Amino acid sequence: MNDEGILDLARTRLAEAVTADEENRIEALCDLEHLAGIQWDEGVKEAREAENRPCLTINRLPQFVRQVTGDIRKLNPAIRVIPSDAAASKELADIYAGIIRGVEYECKASSVYEGAAESAAQCGIGNFRVLTEYENDETFNQVIKVARIHNPFAVYWDPSAKESTREDADWCMIVEQMKG
């Protein structure tokens, strides 16, 4: 596929994902507004203020988000490796677990997982990514990293994915502005 074909495919997929997830993202923005204490409809607020009626906001939402994220922090989230069938061995699982623990330690993955969980608790959308980067400019050696995605609205998943983890997605896009 040539460059233009790749771009056309990406544009088509992104348009499908935007359309499929539009309602969820509107609700997520509303959730974030409520979390920030913006809980009155603008028209209602203006009418009440015009009549000198109070517009009280008792924002209890942050405490509930902290309760959920506090519980997650206590769990110390990390990847667990378990041999799943007869072909897998405990020794091999232990080797993989050690490698994964090293990767998680180097990139402070527990804070990445907690950040994604906090975002999910706030607005129902939380993501992180696993990627590889070159060690330096003089080698082809790569290191695996777990990285936070700070903007939950930057991630668009394949709309045909049905699992809550999106493990059945054929594609995912992370959109962001790049300097020209």
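Predicted model: local features only at pLDDT ≥ 70, side-chain atom pairs only at ≥ 80, totals over all residues.

Glu-114 is a buried residue, because its relative accessible area is 15%, below the limit of 20% that defines the buried class.

- Arg-73 is classed as partly exposed because its relative accessibility is 40%.
- Arg-73 also meets the side chain of Glu-118 in a salt bridge, with an N to O distance of 3.8 Å.
- Since Glu-118 lies in helix 5 and Arg-73 in helix 3, this pair ties together parts that are 45 residues apart in sequence.
- Glu-118 has a relative accessible area of 26% and is therefore partly exposed.

**Salt bridges in the whole structure and around Glu-4**

- How many salt bridges does a search of the whole structure find? The search gives nine salt bridges.
- Glu-4 is located in helix 1, which covers residues 3–35.
- Glu-4 forms a salt bridge with Arg-11, in which the closest N and O atoms are 3.7 Å apart.
- A network of salt bridges links Glu-4, Asp-8 and Arg-11.
- Glu-4 counts as partly exposed because its relative accessibility is 44%, and Arg-11 falls in the partly exposed class with a value of 49%.
- Between Glu-4 and Arg-60 there are 56 residues of separation in sequence and 50 Å in space, taken from C-alpha to C-alpha.

**Overall organisation of the chain**

- Which elements make up the secondary structure of the protein chain? The secondary structure consists of five helices and four strands.
- Read along the sequence, these elements follow the pattern α-α-α-α-α-β-β-β-β.
- The radius of gyration of the chain is 22 Å, well over the 16 Å that the globule rule gives for 180 residues, so the chain is more spread out than a compact globule.
- The C-alpha trace spans about 70 × 50 × 40 Å along its principal axes.
- Of the 180 residues in the chain, 19% are buried.
- Among contacts with a separation of 6 or more, 46% come from residues 24 or more positions apart.

**Surface**

- The protein chain exposes about 13500 Å², and carbon and sulfur atoms supply 53% of this area.
- Leu-92, Ile-95, Tyr-96 and Ile-99 make a nonpolar surface patch of about 400 Å².
- Tyr-96, one of the residues in this patch, is found in helix 4 (residues 90–106).
- With a relative accessibility of 47%, Tyr-96 is therefore partly exposed.

**Cysteines**

- The number of disulfides comes to zero, as a disulfide would need a pair of cysteine sulfur atoms within 2.5 Å.
- Cys-123 is in no disulfide, and the nearest cysteine sulfur, which belongs to Cys-30, is 12 Å away.
- Is Cys-123 buried or exposed? Cys-123 is buried, because its relative accessible area is 3%.
- Cys-172 is likewise in no disulfide, and the nearest cysteine sulfur, that of Cys-123, is 15 Å away.
- Cys-172 has a relative accessibility of 34% and therefore counts as partly exposed.

**The loop around Ala-161**

- Where is Ala-161 found? Ala-161 is in the loop between strand 3 (155–157) and strand 4 (172–174).
- Ala-161 counts as buried because its relative accessibility is 6%.
- When neighbours within four places in sequence are left aside, Ala-161 is in contact with Arg-166, Asp-168 and Ala-169.
- Ala-161 and Trp-171 are ten residues apart in sequence, and their C-alpha atoms are 9.1 Å apart in space.

Technical notes
Residues numbered from 1 in each chain as written. Heavy atoms only, no water. Helix = DSSP H or I, 4+ residues; strand = E, 2+ residues; numbered from the N terminus. Patch = residues over 30% accessible without salt bridge, like charges linked within 9 Å, V, L, I, M, F, W, Y side chains within 5 Å. Areas by Shrake-Rupley, 256 points an atom, 1.4 Å probe, with all protein chains shown as cover. Salt bridge = Lys/Arg side-chain N within 4 Å of Asp/Glu carboxyl O. Buried < 20%, exposed > 50% of the residue type's maximum accessible area, 1.4 Å probe, protein only. Rg over C-alpha atoms; globule rule 2.2 N^0.38 Å. Contact = heavy atoms within 4.5 Å.
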